Amino acid sequence: MKKSLRTIGILVLSAAMLAQASLSSFAQQRGNSPRLIRDAEIEELMRRYLKPIFKVAKIPPRAVNIYLIDDSRINAFVAGGQRIFIHTGLIEKAQSPNEVIGVLAHETAHVAGGHLARLGVQLDRASTQVIIGTLLGAAAAIGASQAGAASSGGATGALVFGGAEFARRNLLTYVRAQEAAADEGALRYLEASGQSGRGMLELFQKLYNQSIASLQYVDPYAVSHPLPLQRIRVLENRVRASKHYNKKDKDYLVFRHKMAQAKLAGFTRSAQSVYSSYPAADKSIPAQYARAIAAYRVGDLQTAIPAIDKLIARIPKNPYFWELKGQALLEKGFPADAVAPLRQALKLYPKSGLISILLAQALLAANTKEAARTALSVLSKAQRFEGESGSLHLHKARAHGILGDYARAELSTAESAMLRGDKKLAKRKAEGAKRRSKSGSTVWIRATDILNALKKKKS
């Protein structure tokens with residue numbers, strides 16, 4: 001339980017990093033939980049941004065998982081171990097790759113500095129009541145300041161909760177120190193990797209300009225992160241003194257940044273909004289990309305497929321254009337036609353687990369043993385890059401079912417259910433896998449492991 005509380009703590013406190021300065025009122029949420037987005041193109045771009053930073057920070061490239069959160073606010077944070085969460089709003093609203101890279105350098109400093117583990121120690125020293133009061137109070141104060149509810153002499157920003165105030169302020173002071181250390185680390189990583197800190201500075205300035213009115217009454221000693229203007233003042237002299245200050249982003253990164261923005265617009269905004277932002281008169285590749293996605297999403301394949309084909313003709317070695325064509329055909333009911341473009345996408349980007357899963361899904365639609373065997377081969381390779389995935393195991397279950405291997409089908413379903421948190425289904429399917437398999441076999445052993453793990457969780 002204590003471990004879970006630590007995870008929640010760093011998630012809420014770190015999520016406040018830039019949210020306190022953002023006035024964006026729209027966040028694409030589903031219920032009370034943030035919705036994660038999986039996208040091969042954007043995830044690979046974020047890893048490309050992080051590669052030189054990880055190198056100087058001495059962090060193995062695959063040691064940290066990258067997650068995209070479908071949220072229009074400008075934010076990024078570290079939570080739950082070696083995981084960096086990036087709001088889509090950061091990508092959409094950043095004027096340059098360098099702005100995103102600056103934020104990612106900051107989050108890398110949190111990872112390299114072990115701040116998550118150290119915050120756990122600080123939380124251990126505080127009472128549960130203090131921790132919960134701090135987290136909820138921080139969220140309330142930030143929300144009030146963003147809504148303009150804070151007023152002169154008010155206590156909304158002070159997080160006043162009686163006798164625990166002193167302990168709460170001590171905890172927040174510790175987190176502010178971590179943020180200052182992460183800013184310092186980010187500047188070191190950018191300098192060592194030959195990149196400018198200008199984007200990081202400009203992003204903070206942009207956030208400050210947007211939020212100056214709502215932050216005027218916030219108590220700087222009662223929030224978890226330094227206020228934007230304070231951070232700007234500390235960073236500005238260092239950033240301007242760097243020999244890399246005027247260094248520009250490489251053209252191909254600028255192009256990919258615009259493509260990521262177009263893709264996010266196409267997938268997350270209404271078609272009307274997309275056509276307004278990317279009108280037909282705009283013949284640029286990002287604009288064509290956004291419009292093609294919007295057309296496919298509303299079911300207009302007669303417009304979408306020719307538009308995607310035009311993009312492929314312009315850049316035939318772009319795997320994501322082929323992936324989009326395959327995805328559009330698959331989701332709109334033409335799985336057999338989706339196989340060829342998805343094969344080509346995977347040929348151009350063989351390390352993509354997500355494209356592999358899409359290809360397997362298209363293959364399995366044929367419902368033949370030959371297609372099922374091919375799909376299993378594709379999924380096995382995908383697992384090397386994708387790791388544990390509920391979707392991957394679910395497709396494996398279907399493939400095993402087509403082949404008549406019901407023990408493995410039940411096991412794969414149990415694996416998928418475990419990853420989704422469906423304990424009842426996981427238990428039922430693991431028991432079924434044990435009954436159908438020989439005692440001591442690989443399937444029997446794995447099914448037993450799942451059942452034992454479920455017993456431990458229950459106890």
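The model is a predicted one. I'll start with the chain as a whole. The chain has 459 residues, and 52% of them are buried. Its secondary structure consists of 21 helices and six strands. If you take the contacts with a separation of 6 or more, 66% come from residues 24 or more positions apart.

Next, the largest pocket. Its space comes to about 1,400 Å³. Several elements give two or more residues to the lining, among them β3, β4, α2, α10 and α19. Which element gives the most? That is α2, with eleven residues. The lining has 47 residues in total, and those nearest the centre of the pocket are Glu 43, Glu 44, Arg 47, Arg 62 and Ile 66. By class, 19 lining residues are nonpolar, eleven polar and 17 charged.

Now to Glu 41, which also sits in α2, the helix of residues 40-57. Is Glu 41 buried or exposed? Glu 41 counts as buried because its relative accessible area is 5%, and the cut-off for buried is under 20%.

What does the side chain of Glu 41 make polar contacts with? One partner is the side chain of Lys 263, at 2.9 Å. Another is the side chain of Tyr 289, at 2.6 Å. Leaving aside residues up to four places away in sequence, Glu 41 touches Lys 263 and Tyr 289, together with Arg 256, Met 259 and Tyr 320. On the element side, α10 spans 251-268.

That's what I have on this one.

Technical notes:
Residues numbered from 1 in each chain as written. Predicted model: local features only at pLDDT ≥ 70, side-chain atom pairs only at ≥ 80, totals over all residues. Heavy atoms only, no water. Helix = DSSP H or I, 4+ residues; strand = E, 2+ residues; numbered from the N terminus. Buried < 20%, exposed > 50% of the residue type's maximum accessible area, 1.4 Å probe, protein only. Polar contact = N/O pair within 3.5 Å; in protein donor to acceptor, adjacent residues only side chain to side chain. Contact = heavy atoms within 4.5 Å. 1 Å grid on protein atoms, 1.4 Å probe; cavity = no way out; pocket = protein on both sides within 12 Å on 5 of 7 lines; lining within 4 Å. Points joined across faces, edges and corners; volume = space filled by probe spheres on them. Nonpolar A, V, L, I, M, F, W, Y, C, P; charged D, E, K, R; others polar.
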